[in-house]
Amino acid sequence: MMGPSHALSGAAAWLTGSWAMAQFADYHQTPLALAVGTAVCAGGALFPDLDLSGKVTRNQGGATVARTFGVVSLFVAEVMEKISLGVYYATKLSKDPRRNNGHRTLTHTIPFTVLVGWGTTALCAHYGKWAVVGILFFMIGLALRGLFDQWAERAGWVVVTLVSAAAAWFTFANLPGDRGYPMIGLAVGVGCFVHILGDMITRAGVPILWPIPIKRRMWTMIGLPNKIALRTGSKAETVVLRTAMTILAVLAAVGLVAPSVLQRFDIQV
């Protein structure tokens, strides 16, 4: 799937999950916490594609999300791609094919998703505000690049960086630490998992079962059959799927906000 679709799926998943938690578990979030969780989950839904590197010194190539912060994010993508490729060759079995890049390998697995979610929470808890600000800055930047891709493309990475920094600092200054910190890690993990699910419905698939060996292959790509799989960039993705996710996100957001609005104006339903 393309970047905007991944980001939108992350936002829709977080809003829908938050609505379900409010309805069935009586777990309510402040408007700011909800907005932060949605943005971080949208950014997390783009994070796995930072394994697609480009030309760092020329600020070219790579996944769209890899150019979020210019050469800095491209360098991060380069490092992540090389690590992913290294893990691939370190664990591959006889039937696994040779590869010249690490895209859709390590970062598209469940262990990576769990590690990122847990690691994010641990960093926030151990290092406090600077870790929180840094993670929010990075994830909000990815979310902006995905959810508002045309604006981000026109504005350029400098503007995206400045907006991300301002949003991260404002958020930290107003987000309660007792409930806010763990939710950041959860949002990142959920976003990564939603990304994997999104790529599973495409033809290429993802190695979601790694590191379970299957028929002398460690990196078995799991996805839908080609006849029904989603083609990246097709109208089925850019029109049908994005419309459905937008409707789902809007309905969930309305369901979350409506009760407090009605209560504020003392309206009985």
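Let's start at G233. G233 touches M2 and T238, leaving aside residues up to four places away in sequence. A contact here means heavy atoms within 4.5 Å. G233 sits in the loop between α8 (177–200) and α9 (235–264). Helices (H or I, at least four residues) and strands (E, at least two) are DSSP runs, numbered from the N terminus. G233 counts as partly exposed because its relative accessibility is 39%. Buried means under 20% relative accessible area, exposed means over 50%, and partly exposed is in between, with a 1.4 Å probe and protein chains only. The C-alpha atoms of G233 and G198 are 13 Å apart, and 35 residues separate the two along the chain.

A word on the model. It is predicted, so local features need pLDDT of at least 70, side-chain atom pairs count only at pLDDT 80 or more, and totals for chains, interfaces and linings use all residues. Residues are numbered from 1 along each chain as its sequence is written, and side-chain values use heavy atoms, with hydrogens and water left out.

How confident is the predictor? pLDDT is its confidence in each residue, from 0 to 100. The mean for the protein is 87, and 91% of its residues reach 70 or more.

Now α1 itself, residues 3–24. Just after α1, D26 takes a positive phi of about 55 degrees.

Next, D49. It lies in the loop between α2 (31–44) and β1 (54–55). Is D49 buried or exposed? Buried, because its relative accessibility is 12%. What does D49 touch? Its contacts are H6, A63, V65, H103, H108, H195 and D199, not counting residues up to four places away in sequence. T107 is 58 residues from D49 along the chain, yet their C-alpha atoms are separated by 7.6 Å.

On to R145, in helix α5 (residues 129–147). R145 counts as buried, because its relative accessibility is 8%. With residues up to four places away left out, R145 touches T64, V65, R67, T68, A152 and E153.

Last stop, V76. V76 is in helix α3 (residues 71–91). V76 counts as partly exposed, because its relative accessibility is 30%.

Methods: pLDDT is the predictor's confidence in each residue, from 0 to 100.
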